[in-house]
Structure formats: structure tokens, C-alpha cells
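Colleague: I'm new to reading protein models. Could you walk me through this one?

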Amino acid sequence: MEVLTASVGFCIGIARAYRGINDHALRDSSFTVAHQNSKLEQDTLRRIERGDPELLKRYPGLSQVAVIHDVSTLGDGDRLVLGFHGLPPEGKSELASRGVKILDDLICPFIARLDRIVEQEVQRGFDIAMVGSADNHHLRTARKIAAEHGRRCFAIVSAQDIEALPFAVGQPVALVGEVTGNTEIFHEVIRLIETKHLPVKIRKTMCSDSYGRQRRAAELAEIADVVVLIDDGGDGSQSVFEVCSRRNKPVHRVHAKEVIEPAWFEGANVVAIVGGIMVPEWTIADAAEHVRSLAAAQPPSSAAATAVG
Ligand code: SF4
């Protein structure tokens, strides 16, 4: 059995934030790190807290960094560096008013750009249509920004959802993509807008890293008999799951290699291992090795290994 991997590892925004925190820590580690939505088990800050040896080998300064999940406990004189998810503007202002010094905001530039574009368009009077899951934190942020300007933000989960928007009453709509949303659906929505001449302004806000990750996962799913997705619980993983599922192959979502079942690979010649944006390449490689060992334990099939991406 051949095991293929898309070893893309951390996305651009996460790698940038780890690098930035590491650089700060190597100069002076007397600060705390935080960002919003850090509750996920696979969140990047949790990985620092767990002291992942591979992570610390790459970014040794992280071993000296203190992580916090509730910034309301910070006070006058505390120093803070923000991770790839950043904090909402009102949260940063509130911290500043309490005397907390934000040394660096390492929010991913793609996320910051999405929020900026949503703000621009609602200020111009547009409602927002966002391609992505029905409830994700980017959508919630966009809804909040839209509501502050008396506008609405709609989730576009499938391409046809765009046709149900309030064009009939003359309300202008701007289409954006949740940064890690399903890029195939985004392109289908654009095709529908163009084919039906729908009055929708298109703003391309999908993240290029997520686009490449989905494309590579889809290519592997095309040639594999079975796909194993190492799921970090984020929206990027959901999109990878969706594009692989569209290839009509079984896709197994797991949080750890230990729950992978040998029965999934019965009769399979090619298995693909893919992962979300918070899943490092060493975890993918480890899962691939595990699958190979499961295959080797099941004669008469033979195990082979190839890495892609
Ligand atoms: S997946 Fe894209 S948008 Fe999300 S953090 Fe990574 S680079 Fe930024």
C-alpha cells in the first residue's frame, strides 16, 4: 500500500507568528502571548504550552514564553504579544486603557485584510455575503462589523445560496470568502454571479495558503482510495474535508494517529494523509509512518512510501 502525504505543515500566518514570538523572546521574554479563539486543543498557543519538542527545536525562544487565554486578567505594566488570530480592535483598546502594552500584533495579514475589506464595503452601504461555514469566527466578526454600520452579513455555504440574497429590493451585496473557506465553492459562486449577471461585487479575500492546501489535498484525494485528514478542529480543516469528500472517496477525520483503524485500508492501494493549518509536518509524517506500519502488519499487502508537497 502506498501512503502519500501533503506535508505542507503550518500555514504562512502561523509560521510568521511563531517566528515573531520567537524573535521577541530571544531578545527579552518578559511578556505574555495571547490571541482570540485559543481554546481549540490544536491551537498554536496550546502547542507552546505543551512544549512540543519539534516546535521548540525550530523556535527555541518559545520555551521561555508565558501563554494566557483570558486577557482580562492582565493589568497595568503587563506586556503582550498577539498571536496569529490577534484580538478585536475594541479588545486592544480596552487593554491599552488598563495600561497593558501590546509589543506586537502578529495577526495573520490575510485575516486583517478580510476584516478591513468587510469594513470598507459596509461603510459603502453593501451587505456582505461570505463564502464559508454557517458559523465560524470570521463570519461572526464580519456580522459584528456589518451590524455596527446597519448592514447584514450572510453565510454562503453552497453556491445556490447567493441567489437567495435581497437583490430584488435593490440592496447592494459584496461577496467575500472566509479566509480558509472552501475555494471550490467560492469559484462556483463567482461563476453563478457571472452567468446569471447577479448584481454582486466580488472581493477576493481567500487566503492563498489555504487555497494551495485545498488544491493539493484534492489532487491527492483524486488518486487515493482512502483519505485520512488530521483535523485540527479549525475551519481550514473543514474546507480540506469538503474538497476531498467531493472526490467521492472515504475521508476519515482524526485528531490523533492512535484512533486510525486498520479496517479503513482493507483493499486500498493508495492512502492520502492530509492536515489542517495547525497540523505540523512532523505530525503528518508520524501519522503516515503509523499507517505504513498498520499496512505492514496486514500480509500479504506491501507498504510503500512517497511524499508529495
Ligand atoms: S490559513 Fe491563511 S488566513 Fe488562516 S492564518 Fe493561515 S495564512 Fe492566515
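**Around the ligand**

Modeller: Let's start with the ligand: Cys11, Gly13, Phe84, Cys108, Phe110, Val179, Thr180, Cys207 and Ile277 surround it, each with a heavy atom within 4 Å of it. This is a predicted model, where local features need pLDDT of at least 70 and side-chain atom pairs count only at pLDDT 80 or more, while totals for chains, interfaces and linings use all residues. Residues are numbered from 1 along each chain as its sequence is written, and side-chain values use heavy atoms, leaving out hydrogens and water.

Colleague: How do the residues of the shell divide into nonpolar, polar and charged?

Modeller: Ala, Val, Leu, Ile, Met, Phe, Trp, Tyr, Cys and Pro count as nonpolar, Asp, Glu, Lys and Arg as charged, and the others, Gly among them, as polar. Here the shell has 7 nonpolar residues, 2 polar and no charged.

Colleague: In what order do the strands of the open sheet come?

Modeller: Strands are DSSP runs (E, at least two residues; helices are H or I, at least four), numbered from the N terminus, and two strands pair if DSSP finds at least two bridges between them. The order is E7-E6-E8-E9, with parallel pairing. E7 (153-156) and E9 (200-202) are the edge strands, each pairing on one side only.

Colleague: Which residue of E7 is the bridge partner of Ala129?

Modeller: That's Phe154. Strand E6 (residues 127-131) pairs with E7 over 4 bridges.

Colleague: Where is confidence lowest?

Modeller: pLDDT is the predictor's confidence in each residue, from 0 to 100. Strand E13 (residues 304-308) has the lowest, at a mean of 45.
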